[in-house]
Amino acid sequence: MRADRLVATLLFLQTRTRVTVAEVAAELEVSPRTARRDLEALSTAGIPVYAQRGRGGGWSLVGGARTDLTGLNAAEIRALFLLAGPSSATPELRTALRKLVRALPAPLRPGAEAASRAGHTDGTDWSRAEVTAAGPHLDTLRRAVVDGIQVRLGYAGPGKPVGVRTVHPLGIVAKAGRDYLVADTERGLRTFRLSRVASAETTGEPVVRPPGFDLPTVWASFAARLEERLYAATVRARAEPGPGTMALLERLFAGRLRVGPDRPDGWTEIQVDGPTPEVVATQLAGLGSRVEVLDPPEARERLARLAVELAGVYGPPAGLPQ
């Protein structure tokens, strides 16, 4: 007999004046025989549950007895349901939220239910590409982290074939709509993007956690190193005046763009960060003559070569002399 099912039965009783065996069975998705056995078990265990026979009968809590299993205040409940509500499409989370609602005092239930409906998560970007998918192995890896079990991981790095290795899963981090596994390996702590995981099989062997391991601290260190690489180079340029160009630059580069003062020629000084000058120059190329790269020289060289390459493929525009 499952303890969680008995708790769910008790919480269901708290929400009704009287329930029938059939109602309990339907709510908990069990057979009427199992529902009756659970109700009888609650009574035997000393819970003030009693049955009334005949027409209009059913099972009730004596004197409206209640069990508060939450200890949460109204603000905490709203915060919890706001967080969980947008993701409540999973059966497990829906079940958990239903149980929690039943455990709440009656005056707090409407606010909790309203909070669960107040948000929505769209898992695609504006190009309709999936951005929140973590692949089919998320549940396996979550259980491995919680249970402390090693995993035989099939993983394909960028531009690399799938390789298999045994890892010690230590935590899962969500970053900008993507999930990452943090794990210890033969080469030390590593991160694995879950969308690139090809297979995940638990080995049954226990995880060995590094001494003093703290997931937020380790992730902050990983993120800082990655940001160093992403912001390793700076390209200085001038942008033509007008809100259109600046709005486009801000959309393209966001936090990598720094806007300086207006120049004597009326244009605006800008700086854009990126992994290399060549990469930044290539990203700026689409703005054409609205942005002129000033330095470093390798960024200007990249744009010059790119112009030659494109002219060789497409030729000059119609109407221009050959």
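A quick definition to start: a patch here is made of residues with over 30% relative accessible area and no salt bridge, and nonpolar side chains are joined within 5 Å. Keep in mind that this is a predicted model.

So, which residues form a nonpolar patch on the surface? Leu-226, Leu-230 and Tyr-231 do. Together they have about 260 Å² of accessible area. Take Leu-230. This residue sits in helix α8, residues 215-230.

Next, helix α2. This one covers residues 21-28. Val-21, Val-24, Ala-25 and Leu-28 are buried there. Look down the axis of α2: the buried residues fall within an arc of 100 degrees, so they line one face of the helix. Here is the background. An α-helix has 3.6 residues a turn, so residues three or four places apart point the same way. Now turn to the other side of α2. Ala-22 and Ala-26 are exposed there. Just after the helix comes Glu-29, with a positive phi of about 60 degrees.

Last, the strands. β1 is residues 49-52, and its pairing with β2 is antiparallel, over four bridges. Tyr-50 has Ser-60 in β2 as its bridge partner. The hairpin has five residues between the strands. In that hairpin, Gly-54 takes a positive phi near 90 degrees.

What about the faces of β2, residues 58-61? Both are covered. Gly-58 and Ser-60 are buried on one side. Trp-59 and Leu-61 are buried on the other.

That's the tour.

Terms used. Residues numbered from 1 in each chain as written. Predicted model: local features only at pLDDT ≥ 70, side-chain atom pairs only at ≥ 80, totals over all residues. Heavy atoms only, no water. Buried < 20%, exposed > 50% of the residue type's maximum accessible area, 1.4 Å probe, protein only. Helix = DSSP H or I, 4+ residues; strand = E, 2+ residues; numbered from the N terminus. Arc of directions from axis to C-beta. Patch = residues over 30% accessible without salt bridge, like charges linked within 9 Å, V, L, I, M, F, W, Y side chains within 5 Å. Areas by Shrake-Rupley, 256 points an atom, 1.4 Å probe, with all protein chains shown as cover. Salt bridge = Lys/Arg side-chain N within 4 Å of Asp/Glu carboxyl O. Pairing = 2+ DSSP bridges.
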